[in-house]
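Colleague: I have a model open and would like to learn how to read its packing. Could you walk me through it, one feature at a time?

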Amino acid sequence: MTWLGDQLGRIADEMPQRDLGATVMERYQRRRRNLMAFAAAATVVVTLLAATIGARALLAEPRAAVAPSLPPERSSISVGVVPTVESAVLIVAMRMGYLQEEGLSVQPMFLPGSAQGVPLLEASRLDLIQLDYATFFRATESGKHLKIVMASHQSAPGTSALVVNATSKVRTVTGLKRKRIAVHQLGGLPSLALTAVLERAGLKLKDVVLVESPYPEMLGGLKGGRFDAALLAEPFVTVGREGGQVRVLGDAMSGDLANLQTSGMTATESWIRRNPRTLAAFQRALGKAARLVAADPERARAALPTYTRISQKVVANATLGSYPDKVDLTHLTRIAALARAQGWLRRVPEPGEAVAKTE
């Protein structure tokens, strides 16, 4: 029996015969209207759900696949550094595998002085060098097309000191007049620091005799009498002091040179143009190492014996300074102004022009 038949039977028992047909048709039509309204509402809901799901699907749809970043133009580079505390971040980056993670293999070349790296850089025998900022400004003023690509080191009290042999009769800086003093590099930041130490004692650079010598040879030179004093950098200051070989006359990184950024990684402008991805990879790796050392300075201290041949016991007391990866233009300006005051530069350069513009 159909639904309509059921309804007719039930209603016939309840209502008079004359109202049966009208009542049944009225209820049938009402139910039909309800069913149609429900169907229409269901259609609207389904349509809205479909539209919402479709919109979400479109929003969630991944963008067109991005091509993987290109590797460095060079898989192997050579970097010139001086074997002092200033070079620690490069060694940490190598030991931690940060450079390898960037697709780079680095061969460090340890130089007797950072200025010796400039001709090697221009001859493409080195890709980058760690160069002190005073030497950098003198080189660029003479026509060298160099740019600083990142900072290397910031000085601290004790990172460089003027010393004499422990048995020397010289007791003060003033006593060094007409004496022979060893400096790591003539005309660079070490000479600028020595000038500052002498001037605080009332002497000028012309009052002494300068002898250029690599840091590792200075202690032997003092002992052998080849010079009367030496401007040492860490960790050699600590080696000489703790070994009873030297006596410190003055801190070189004080006064105008206190807490200055002293050196940075440098490359030629042409190399930077040809190797933007290589440079970016190098900067990322050394920046990561600099942040690691900032959080844990012992990482730098642990690296020192691997390239200075100085025992871990001795370097445990060495003064490190700090290792910023960003160049501070105010520090560049201060060093340039000091070099200009000594007559080493014709003008104070614009510090922003010294730094490579990289993305």
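This is a predicted model: local features need pLDDT of at least 70, side-chain atom pairs count only at pLDDT 80 or more; totals for chains, interfaces and linings use all residues.

Colleague: Which residues in α3 and α11 meet?

Modeller: From α3 come Val89, Leu90, Val92 and Ala93. On the α11 side they meet Phe282, Ala285, Leu286, Ala289, Ala290, Leu292 and Val293. Sorted by class, this contact has 11 nonpolar residues, with no polar and no charged ones.

Colleague: What is the general idea behind a nonpolar core?

Modeller: In soluble globular proteins, nonpolar side chains tend to be buried together. In this model, the largest nonpolar core has 55 residues, and the members touching the most others are Val79, Leu99, Leu128, Val149, Phe282 and Leu286. Helix α11 (residues 276-295) contributes the most to this core, with 9 residues.

Colleague: Now the rings. How many aromatic pairs are there in the whole structure?

Modeller: A search of the whole structure gives 3. For each pair, check the angle between the planes: under 30 degrees is stacked, over 60 is edge-to-face. Phenylalanine 110 and tyrosine 307 have ring centres 5.6 Å apart and planes at 5°, so this pair is stacked. The pair links distant parts of the chain, 197 residues apart: phenylalanine 110 is in strand β2 (residues 105-110) and tyrosine 307 in helix α12 (residues 298-308).

Colleague: Is phenylalanine 110 buried, exposed or partly exposed, and what about tyrosine 307?

Modeller: The cut-off for buried is under 20% relative accessible area. Phenylalanine 110 has 36%, so it is partly exposed, whereas tyrosine 307 has 9% and is therefore buried.

Colleague: Which geometry do phenylalanine 136 and phenylalanine 137 show?

Modeller: That aromatic pair is edge-to-face, with 75° between the planes and 5.5 Å centre to centre. Phenylalanine 136 is buried, at 1% relative accessibility, and phenylalanine 137 is buried too, at 3%.

Technical notes. Residues are numbered from 1 along each chain as its sequence is written. Side-chain values use heavy atoms; hydrogens and water are left out. A nonpolar core is a set of buried Ala, Val, Leu, Ile, Met, Phe, Trp, Tyr and Cys residues joined through side-chain atoms within 4.5 Å. Buried means under 20% relative accessible area, exposed over 50%, partly exposed in between (1.4 Å probe, protein chains only). Helices (H or I, at least four residues) and strands (E, at least two) are DSSP runs, numbered from the N terminus. Rings of Phe, Tyr and Trp (its six-membered ring) pair if their centres lie within 6.5 Å; planes under 30 degrees apart count as stacked, over 60 as edge-to-face and the rest as tilted. Contact means heavy atoms within 4.5 Å. Ala, Val, Leu, Ile, Met, Phe, Trp, Tyr, Cys and Pro count as nonpolar, Asp, Glu, Lys and Arg as charged, and the others, Gly among them, as polar.
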